[in-house]
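Subject: Structure handover

Hello,

Here is the structure I promised to pass on. Please open it alongside this email.

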Amino acid sequence: MESLVYVALFAPFVGSLFAGLFFARSPKTHLVGIVASGLLALSFIASLMLAIHVAEFGAVHVTLMDWINAGDLSIPFGFLVDEVSVTMMVVVTLVSTVVHIYSIGYMDHDKGYNRFFSYLSAFVFSMLILVMSDNFAGLFIGWEGVGVCSWLLIGFWYHKADRPFEENPSISPSWAANEAFIMNRVADLGMLVGIFLIYWNIGSLQYDVVFEALPNLKDGILVAIAIALFIGAMGKSAQFPLHTWLTDAMEGPTPVSALIHAATMVTAGVFLVIRANPLFSLDAVAGVSFFIASLGAFVAFYAASMALSARDIKRIVALSTLSQLGYMFAAAGLGAYWIALFHLAAHAFFKALLFLGAGNVMHAMDDELDIFKMGGMKKVMRGSYIYMGIASVALAGLPFFAGFYSKDAIIETAFNDGSFIIWGILVITAGMTAFYSFRQVFFTFHGDERYKALGFHPHDMYKYVLVAMAPLAALAISFGWFMEDFREFITRNLPDYEMSHHTHHWAWLLGLLVIILAVTGIVIAYKKYAGTGKEAWKRDEVFEQSFIYRLVANQYYVPKFYDEFIVKPYTIASEKFWAIDKAVVDGSVDLIAKAFYKSGDVSRGMQNGNLSSYLNWMGAGALLLVVAAAISAFIG
Amino acid sequence: MEIGIGHYLILSGLLFSIGFVGVLRRKNLLMLFFATEVMLNAVNVAFAAIGNYYGDLSGQMFAFFVIAVAASEVAVGLGLLIVLYKKYGSLDLDVIATMKG
Amino acid sequence: MDNILSILIFFPAIAGMLGFVVDKNSAKAYGVSVAAIELLLSLWLWVLYDGANAGMQFSEFIPVISEFGIAYNVGVDGISIFIVIMASLMTLLGMISLDSDLKKMKNMIISLLFLEMTMVGVFLSLDAILFYIFWELSLVPMLYIIGAWGGPTRVYAAVKFFLYTFAGSLIMLVGLLAMAYLFQVESGIWSFNLLDWYTLKLTDNEQFWLFLAFFAGFAIKVPMFPFHTWLPHAHGQAPTIGSVILAAVLLKMGTYGFVRFSLPILPDASVEFTPFIMALSLIMVVYTAMVAFAQKDMKQVIAYSSVSHMGIIMIGVFAMNAEGLGGSVFLMLSHGIVSGALFFLVGVIYERTGTKYMSEFGGLATVMPVYATIFGVMLMASVGLPLTIGFVGEFLVLLGFYKVSVIGTIIAGSTIIIGSIYMLALFKKSFFGPVTNEKNYGLKDLNSKELTVLIPLVLLVVWLGVYPKPVLGPIDNSVKALLVQMEDHAQSESTKEAIIVSKKEVK
Amino acid sequence: MFIDPKSITMDVLNLTTLMPMLIAIVGGLIILTIDLIKEHIHKSLYVMLTILILIIDLGATLGLTYGANEKGFFDVILMDGIAVLSQVIILVASILFIPLALTSKRFHEYSYPEFFALFLFMIAGFQFMVSSDNLILIFIGIETASLSLYTLIALHNRHNSFEAAVKYFTMGALAAAFFSMGVAVFYGISGSLELYQIADAIQTRMAEPGIMILLLGGAGLLLTAFAFKLSLFPFHTWAPDVYEGASAPLAGYMSIVPKLAAFVVSMRIFEMFISLNIEWVQTMIIALAVITMTISNLMALVQEDVKRMLAYSSISHAGFVMVAIALATEKANVGVFLYYALFMFTNLGAFAMLWVSRHKSRIHHARYDHPYEKFSGMIRIMPMGAVVMALFMLSLAGVPPFSVFWGKIYLMSATVDAGYIWLAIVMGLNSALAAYYYLKLIVYMFLKAPISETNQETVYYNVSKPLLTILGFTVFVTVASVFYVNPLIQYITMMVKATNFGM
């Protein structure tokens, strides 16, 4: 089994090196893409086999070698494949395999083809380290690793020039990349502090040791650790207020958005919370957990509201991702870790599918993102239409699709937990979700063919790409049906979450409510945007001028706020400090030197060459000595 | 009244001060030399007096040596003085001040 | 082979003297080969070195001025050995990187060789005066290198560098003399032998003043805020090789001094002064990082960034536990390698375009992909990305310092944020975006010479990032031994509490 | 104090103690007589003759038994450790100095045999100075040496040299007056001119009312006289001009030998006061020392002429050493001799370099012979020369391991031992300050381009084999100091131990 672990882990790495070392400077060749995808597939198969193995015989724990040994600290490269991590592995490798194959088609015309694959595989590798590691330091390696890969991939088209914020909220790929990296760094600091806390209070960073020792710690420490770790999670999973980078990250190629900014990396935060469930499920940190849940609910709503008005096809999907992450945190915060993980997986499938669909559309529309310029494309792009339809249905949470089960479970949890405000928010959000996701679908595929006027000639993706997307579609539909098996499998490791009898009694009603809301959302969307001819959608200038619309359209002015109150002051302060450094700190040094030189010039005056003044100096000196003598003699 | 050691010492002190002031005030090289001579002679007076007071000869000896030294100083000094006068055509100290700073 | 240390120290010097007769066209080849031999010797030292033994090894002791207790006394332990190896490595790479039609190449080679002697000497000396001799001598070749091959205001920069450090070290000298005197009062014999001094117990007052005296010398060299202003001048004017050596090795003398002198000799004062040092270091970390962000000149960014990183090293030194101290020793190495490499990289572009201003560049990644890649790697190492050499030290230092002060750690930890801010800003301005300056279209990517210089560094960065054990192990041993020595040497209880001796077995 | 005139015997006179001075004087006379017999003999003969005489003198000095503080010649001569030691240093310095006469170009003074005679008389004077605790003899020694020195300076035969000579002479005369007056005061107090008797007298009469004013006044007068000799602020004003006026080698010589002699005497006199714990003297000396080294360093910063800069630098070195007199510990005294023994080579070497580059006409500057510009780009024109000069400068700046550094740390260590930490720090910072102007020359030599082709011949205009030999020797001694410092310290310590300062 060990070998399987290493195969699963290192296959993507090999792919990355293969692409990066041998083909970095050579012109694009499909060989790279195929090899990389093949290795990913291999990794996926290995993960599956591991999953089966774990299901039968339980967790696999391997240690590769020592990493850091200093003082009492010792960190190995250790990998733990248990129910949680194996689930993540399967999801990650599956989605990334699909994305790799997809990219072969999508990046076809890009001259950075080979580079792209090396980055992409590298990302998968770091992601696997993140989920498989058996200690917090290892987790942090992956944590930073995915950060860098996302930096590389967001900034993949680094050659694009900056554009003013008004034209393009995410100024340029390189800008967005830096923003993402730095914002994540802010959170990582929190995570580091958490790690330090753990080390100095427990003396190890190994999960098992740490979780063993947690109950013996003082409450204050536990709370501190929980907060610190959650700050880390907030960064990666783009929770408010560290969320702006996610939408800007859409500057990256669409497969990247699908893989990193929907399916895998952004869920790392959720994974961390799930991983650390022994901590978060302690009574001492109940407050923190509840805060996590509330923040999740808030973000779910907040993001959904922004999605309502967005025009950028990718931003819409990104915002919906954000909102779904909110759901996951809500579940995790309320202690329903397995449900959170289940939603994580389901979301990974349909959201990746959705993104790839969006990618197809962009590909067809020569990277046009504005849904206002699309419409009625279902004729030309049937495949993508179906896929995106499925994905949106799943996202909207209509019955028998993956999203339905997971999301419904989360809402139920909220209800069951008795925190009805969260519940209410989540229910409303569910309706909004249905609305904006179908708004997008109808905008794109129904209604007038607005693109014709603009002279686009869309055509659907290559067949093999569409085929490659099939597994995701299949899972987006069917994943929910395995909920019970999944539960049975995962709860060997995660605490089970039992709905109270009372909730069971109401369950069907709650589900119904959600469905009704969702359907209404879809219907409204259809009414507004799907019509053709004279029912065709018109822009409502008046409404677009309204405060509420502008507020939402400008992401509640949060980016503006950051720019005004963080970026600009920091820049100014830096300039000031530099000025001070030159003028004061360095200046004073030079001043001392000058002072010496000056005093030299002055005292030089006594050396005027005139003998009689020399004699006077001497006489003065003599008198001075004698006088001093007299004085000290009288003093005694 | 009877002239005691005190008077001699006062005399020598006075002479010394006169010479000293001369050294400080005079701008003419020759005058400077005179002034220094005066100072040295003041010292001689002191030595003679003290030597006599202690009934000890080394005081007078010192006085003699001082005289000798003074003589040789004059020799050297006047030599320099003459050369200088040739070069500068003046013995004014303000003129002989090319080296400064 | 017991006198390998002497060979290490004096081989470059002798080679330097012989260098005068070497023909000037073959000077570079001569220098490179000498430096290569020196590197091999130092690697051999590593082979011979017993990593399990924490104490001084290959010690040599020859009385020189026995009347005054001055001796030629050298030895190596886990703390110094790797810095020595790095010094010789950097010298070799620097020599290779020299552009072969450099004017006065011969003088450059000779001064580099003498510089190498002084650098190796400083880290191997166990006699205070010997240490001081090498310490001061190292200024002279550097003065010449900056002054002779530097930029427009090179003389000002060189002289400032010399006088500033010289002044500081003279105060340090007074401290050393006072130390020797106290030892003589205690034991009746004159000795400048560090190992003797380690045994000396001093009163708080004595320690206080001695610490200040040492501080004057070391802090200026580090350079600690507010004594850092000579550094930007020196870096700004120095030729690439100068900056590389300066950043990689010379700055380490200061922090090394703190580890070798201040901590073990003056444990109580060191603990007592920790808040003060912490304050300065934190200012260093944050303030200089922000100044770095404001720079227009690529090289200045890196110059200030290295000041900021030295701040991290400093707090590690004063963490008073094996994690922090070992981390900071490791960070000395990684900072040496990374900042050295970054200066090399800036040198590359400066050689091509004759400018270091980021506004002149933009889109370099398009024209010079390999260059951009290596720069990126070094950048990531410099912002402390895990699995690069930069992370290990930084992580350990912050981890260790957490024990001293939580707030301090959080402020210092902000280096991973602001560090990435100025570094990424630099990278974006000069490498990303479209190629703005049409002059840059024709730029050649790295040539084989530059690759031979940079590839080894890249490999080191990755290797020691992934598997630091071979280096960290010996360091850890010696550091633990140092802490044990400190603890039973300390006078006050509070000090003993502050010093955390690792629970693991110390050989 | 005197032996009964009727019973004078040779062994009572103990003429061996007088031998060294006699050799020098006789040597001088011999040279004069040679000139009488045959005129216009080439200077090299006189040079060699002088060297030989000095070597004999050295031999005689070393032959002396310093152990027992021998007295001789009516007990006015005292051959104790420091007497012998200082004579040895003086003679070695002189032996190094004389060959510098053998330049490739002719210079006025060396064509006169009187130069060499006077030189020998001067040495005799210094030897008298250092080897006696009888104030008469000290006075005579000082005057003999000074008068010859004035003449030697004047012999350089330039406007500046005459001016220098006159300035030195006049101020010297004044100093002599102060000295003799000071002596008179102590004669008055003690009725003796022997230092040890004076010490006893002071010891006994210290308690008397009103005696203190006399004591301190007298001390003040003597201090003035020696402050002049040692060129301490504000009595240093003559030094820069005299150095500038005198020929380079003589300037170098003046920065060592007369100073050392004066140091020995002030050791005898002032350390007597200090050991009688009259703090006032100590305080005054420390004050003078600190002011001197600082002010002269500051003035040296702004000089345009290397020779003048070196003049100021040797003033500040004197101030540096003066600290030792104030400390009055054995280590401090050892430090004085160590410092000068090491400083001697470096400084003579530096001045010799100037001498090498001495040009008849002033090309680079209206007034100065050796402005900094003259040396710019020297590394290109005369690489070895530049390196050598740089080594001298580094040594003077106190950069280890060159010779002066050892003197510096020894003195600083002595200061620290005596508990004057702050003073040690002041000394240290002064060295840092001084480093600036030494560096300035290095910068000119190494980092600047030659200003004109005229440098080509000027920088080694005056070079000759003997000069190169001296340079080579001095630079070797400067660089290799670390190897002989230990025996040197041992020897000096032994000598100093064998001395009891007038007590």
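Predicted model: local features only at pLDDT ≥ 70, side-chain atom pairs only at ≥ 80, totals over all residues.

Residues are numbered from 1 along each chain as its sequence is written, while chains are lettered from A and ligands numbered from 1 in the order in which they are written.

**Chain A**

Chain A has 26 helices and two strands. Both are DSSP runs numbered from the N terminus: helices are H or I with at least four residues, strands E with at least two. The C-alpha atoms of chain A fill a box of roughly 115 × 65 × 55 Å along the principal axes. Of its 636 residues, 57% are buried. A residue is buried if 20 or more other C-beta atoms lie within 10 Å of its own, exposed if 12 or fewer, and partly exposed in between, with C-beta atoms placed from the backbone. Take the contacts in chain A between residues at least 6 apart in sequence: 81% of them join residues at least 24 apart. Two residues are in contact if their C-beta atoms, placed from the backbone, lie within 7 Å.

**The core**

The largest nonpolar core has 722 residues. Such a core is a set of buried Ala, Val, Leu, Ile, Met, Phe, Trp, Tyr and Cys residues joined through C-beta atoms within 7 Å. Helix 7 (residues 154-187) of chain C gives the largest share of this core, 21 residues. Leu353(A) is among the residues with the most contacts inside the core. Leaving out residues up to four places away in sequence, Leu353(A) touches Tyr387(A), Ile390(A), Ala391(A), Met469(A), Leu472(A), Ala473(A) and Ala476(A).

**Chains A and C**

Five pairs of chains are in contact, and chains A and C share the most contacts. Their contact takes 40 residues from chain A and 47 from chain C. On the chain A side, helix 6 of chain A gives the largest share, 13 residues. That side has 22 nonpolar, eight polar and 10 charged residues. Here Ala, Val, Leu, Ile, Met, Phe, Trp, Tyr, Cys and Pro count as nonpolar, Asp, Glu, Lys and Arg as charged, and the others, Gly among them, as polar.

Look at helix 25 of chain A and helix 12 (residues 267-294) of chain C. They pack at an angle of about 105°, with axes 8 Å apart. Axes are lines fitted to C-alpha atoms, for helices over the stretch in contact, and angles run from 0 to 180 degrees between N-to-C directions. The two helices are therefore roughly perpendicular, the class for 65 to 115 degrees. Residues that meet there include Phe577(A) and Trp578(A) from helix 25 of chain A, and Tyr287(C) and Met290(C) from helix 12 of chain C.

**Chain D**

The contact of chains D and B takes 32 residues from chain D and 31 from chain B. Helix 7 of chain D gives the largest share of the chain D side, 18 residues. Chains B and C do not touch; their nearest C-alpha atoms are 25 Å apart.

In helix 8 (residues 195-205) of chain D, Leu195(D), Ile198(D), Ala199(D) and Ile202(D) are buried. Seen down the helix axis, they fall within an arc of 100° (taken from the directions from the axis to the C-beta atoms), so they line one face. The face turned away carries the exposed residues Gln203(D) and Thr204(D).

Best wishes

Definitions and conventions. Parallel < 35°, antiparallel > 145°, perpendicular 65-115°, else oblique.
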